[in-house]
Amino acid sequence: MEWKYDAVIVGSGPNGLAAAITLARTGRKVVVLEEQQTLGGGVRSAELTLPGFVHDVCSAIYPMAAGSAFLRGLPLEAHGLKWIQPSVPLAHPFEDGTTAFLHRSLDETAQGLGEDGDAYARMMRPFVAQWEELFAAILPAPHLPRHPLLMARFGLKALQSVEGLAKSRFRGSQARGLLAGLGGHSFLPFDEPASAAIALVLGIAGHAVGWPIVEGGSQNLTRALASYFASLGGEVRLGCKVRDAGDLPPSRSVFLDLAIPQVLSLVGDRLPFRYRQTLESWKLGPGVFKIDFALNAPVPWKDPAVGRAGTVHLGGTLEEIAAHEKAVSEGRGTDRPYLLMSQPTTFDPSRAPAGKHTAWAYCHVPRGSDIDMTEPILKQIERFAPGFRSTIAHQHVMTPQGFEHHNASLPGGDISGGLPTLAQVARRPVVIAPYALPLSHWYLCSSSTPPGSGVHGYCGFNSAQFAMRDGV
């Protein structure tokens, strides 16, 4: 057969674009098909509230992009990308008005943690010192580690639960709360083995490379990737709905930057029975309930120093955050949710009219939940920033169903690509050849493959590398 393309990529999230770029850099003819009218999947921006207020629709903070050797190796700055590093990567305020800060400086962070400062520094220092080696071990496709002692030391901590690691290492509420806020990114209950892994990785990244944002909004990261792809001769088609294989142009290979339920819908009837059963048993993660705010003034934090942080974790103590994440895992909401919040215009005034601001906050909810978390979210913000409501000019709510409507690769609002339990990390989504579907030259390149969720591009890069070794 005469192929029109060497590869068709279905889905234009960062992993789809990463696969497309990796293939196009070798001279292969590649086309990206995107169902929506804008590229990016979860990496998009829009005026969700009022004219002139730019909001990141889904992903917004990029420690893993900053730590990704793959993305750092692309000439994205030449294609318009500008990173902004907030003064402080992360703040974790407490109800008494005190705050734990994650600074770029490990020593400065430790100094702010009182009695637990030395323990925090001892835990993090070996990994921060060798962060490039560590990330080179956990982000590329599964392989034998080149630094086995480093990985063994990391594994002993990462395989613990958030609660276990926090309580065994720290005695005070500040350090325990800081680790709990980091662990809340895992989508797992805090007594789950390996829930500490993401807490460690994000903390290490904060010290090593920061938690940057994109000037002008996350869409500009997608634009830079797409511009570089186009410079390599790549082609993009918007508004292309792929419902079955017949919707695809003739191509030697197909790459799916899709969630597992989408893969089953597209090619489930063509998959071998046991493989299909494996995909059908895949467990999705919780959903997300998010509010974007257009503000007339900066967030009035009880501790003004919190305004120096790009990202803020709101939830208080380890016990409070653990209670919320446990409730979500059991299919319930809570009155005091753990919130991830950001105030990007503090560092990027281009996102709002002069003198105005944007902010967003989201919490985890049961996947597909119809629980209205608007009031609990506002109350939780007010707990740490009294008077916040009076600064709101407009707000935009996105439910789990809204996330899925915006991006079908987020089923039920799951932005994790599947629940990252230890078992599912080991088989993401299968143990052997996780990037290859049992169909001739069909591949997965979404966050349901190793190394998992986060904007780092490695799921796409790893998949393309595997495919080229497979003869594509």
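**Strands, packing and cysteines**

Modeller: In this predicted model, Val 8 has Val 254 in S10 as its bridge partner. Strand S1, residues 7-10, and strand S10, residues 254-256, run parallel and are joined by three bridges.

Colleague: Which order do the strands of that sheet come in?

Modeller: The sheet is open and is formed by five strands in the order S9-S2-S1-S10-S16, with parallel pairing. The edges are taken by S9 (235-238) and S16, and because each of these has a single partner strand, one side of each is left without a neighbour in the sheet. From one strand to the next, the twist averages 20°.

Colleague: And H18, which strands does it lie across?

Modeller: H18 lies across S10 and S16, and its direction is at about 155° to that of S16.

Colleague: Where is Thr 449 found?

Modeller: Thr 449 sits in the loop between strand S16 (442-444) and helix H18 (458-469).

Colleague: Buried or exposed, that Thr 449?

Modeller: Thr 449 counts as buried, because its relative accessibility is 0%. Its side chain reaches the backbone oxygen of Ser 446 at 2.7 Å. Once neighbours within four places in sequence are set aside, the residues in contact with Thr 449 are Arg 428, Pro 429, Pro 434, Tyr 435, Leu 444 and Cys 459.

Colleague: Changing topic, how many disulfides does the structure hold?

Modeller: The structure holds zero disulfides. Cys 58, for instance, is in none, and the nearest cysteine sulfur, which belongs to Cys 363, is 14 Å away. Cys 445 is likewise in no disulfide, with the sulfur of Cys 459 as the nearest cysteine sulfur at 8.3 Å.

Colleague: Why do Cys 58 and Cys 445 count as buried?

Modeller: Cys 58 counts as buried because its relative accessibility is 14%, where the cut-off is under 20%. For Cys 445 the value is 0%, so this residue also counts as buried.

Colleague: Last topic: which residues touch the most other members in the largest nonpolar core?

Modeller: That core has 96 residues, and those touching the most other members are Tyr 120, Phe 135, Ile 204 and Leu 221. Helix H10, residues 196-208, gives the most to this core, contributing eight residues.

Colleague: What does Tyr 120 touch?

Modeller: Not counting residues up to four places away in sequence, Tyr 120 touches Leu 102, Leu 106, Thr 109, Leu 113, Phe 170, Leu 178 and His 207. There is also a second, separate core of 27 residues, which includes Phe 289, Leu 295, Val 312 and Ile 377.

Note on methods. Residues numbered from 1 in each chain as written. Predicted model: local features only at pLDDT ≥ 70, side-chain atom pairs only at ≥ 80, totals over all residues. Heavy atoms only, no water. Disulfide = S-S within 2.5 Å. Buried < 20%, exposed > 50% of the residue type's maximum accessible area, 1.4 Å probe, protein only. Helix = DSSP H or I, 4+ residues; strand = E, 2+ residues; numbered from the N terminus. Polar contact = N/O pair within 3.5 Å; in protein donor to acceptor, adjacent residues only side chain to side chain. Contact = heavy atoms within 4.5 Å. Pairing = 2+ DSSP bridges. Axes fitted to C-alpha atoms, helices over the stretch in contact; angles between N-to-C directions. Core = buried A, V, L, I, M, F, W, Y, C linked by side-chain atoms within 4.5 Å.
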